[in-house]
Structure formats: structure tokens, C-alpha cells
Amino acid sequence: MDSSLVFTIGQEALTILLMVAAPMLLVILAVGLTISVLQAATQLHESTLSFVPKIVAGVVVLLVVGPWMITTLVEYLRRMLQAIPSMVG
């Protein structure tokens, strides 16, 4: 196993990680930003007002995108486990 293979595997792992995490992070970021703007406009600064919508948005994203996320991660893990014999030998 040479260093270029290690870097390639690491790069692919980080790409998969970003691709899987992006939908959840972007939706929660957008919801948080929207709630913050509304709180600033109404001068209503309640911590639960920003926390609960983010949780609800996160659950909705998991329900919608969750199967794709799991499929992507399982496919990557399967490819990596199947590649172990060729990497070692």
C-alpha cells in the first residue's frame, strides 16, 4: 500500500462525507439563518424558538434524504471492504 493509494482513499472518504452531510447541514443552516433574521426583525430572542425548527428541519431532511445517505455510505463501505485483499496483497 503506497502513499498515493492512501491519499486517494482519504480523498474519496472526505468527498463521500461532505456529500452525505451537505443536505442536512445546508437545510439546518438555512432554517437557522431564517429564524435569526425573524428574531432580529421582531426583537424576540428566545433560544427555543431557534432550536425547535432546526430539530424539525433535521428530522424532515433525514426522512427525505436518509435512505440515500445510508445507501451511499453502505456502498462506500462495501467497496472499501472488498478492496482490502487487493490493498494488502
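## Salt bridges

A search of the whole of this predicted structure finds two salt bridges, a salt bridge being a side-chain nitrogen of Lys or Arg within 4 Å of a carboxyl oxygen of Asp or Glu. The model is a predicted one, in which local features need pLDDT of at least 70 and side-chain atom pairs count only at pLDDT 80 or more, while totals for chains, interfaces and linings use all residues. Residues are numbered from 1 along each chain as its sequence is written, and side-chain values use heavy atoms, with hydrogens and water left out.

In one of the salt bridges, the side chains of Arg-79 and Glu-12 meet at 2.4 Å, N to O.

Glu-75 is partly exposed at a relative accessible area of 29%, and Arg-78 is partly exposed at 43%.

## How the two helices pack

Two packed helices are described by the angle between their axes and the distance between the axes. For helix 1 (residues 3–42) and helix 2, the axes come within 10 Å and cross at roughly 175°, where axes are lines fitted to C-alpha atoms, for helices over the stretch in contact, and angles run from 0 to 180 degrees between N-to-C directions. Helix 1 and helix 2 are therefore roughly antiparallel to each other; angles over 145 degrees count as roughly antiparallel, those under 35 as roughly parallel, 65 to 115 as roughly perpendicular and the rest as oblique. The residues of the contact of helix 1 with helix 2 divide into 24 nonpolar, five polar and three charged, with Ala, Val, Leu, Ile, Met, Phe, Trp, Tyr, Cys and Pro counted as nonpolar, Asp, Glu, Lys and Arg as charged, and the others, Gly among them, as polar.

Met-1 is placed in the segment before helix 1 and is exposed, with a relative accessible area of 65%. Although Met-1 and Ser-86 are 85 residues apart along the chain, their C-alpha atoms are separated by 9.2 Å.

## The loop between the helices

Gln-43 is found in the loop between helix 1 and helix 2, where it is exposed, with a relative accessible area of 66%. Most residues other than glycine have a negative phi, and most peptide bonds are trans. Gln-43, although it is not a glycine, has a positive phi of about 55°.

His-45 also has its place in the loop between helix 1 and helix 2, and at 64% relative accessibility His-45 counts as exposed. From His-45 to Val-61 there are 16 residues in sequence and 26 Å in space, C-alpha to C-alpha.

## A nonpolar surface patch on the model

Phe-51, Val-52, Ile-55, Val-56, Val-59, Val-60, Leu-63 and Val-64 form a nonpolar patch on the surface, with about 770 Å² of accessible area together. Patches are made of residues with over 30% relative accessible area and no salt bridge, like charges being joined within 9 Å and nonpolar side chains (Val, Leu, Ile, Met, Phe, Trp, Tyr) within 5 Å; accessible areas come from the Shrake-Rupley method with a 1.4 Å probe, and for residues, only the protein chains shown count as cover.

The C-alpha atoms of Ser-50 and Ala-22 are separated by 20 Å, and the two residues are 28 apart along the chain.

Terms used
Helices (H or I, at least four residues) and strands (E, at least two) are DSSP runs, numbered from the N terminus. Buried means under 20% relative accessible area, exposed over 50%, partly exposed in between (1.4 Å probe, protein chains only).
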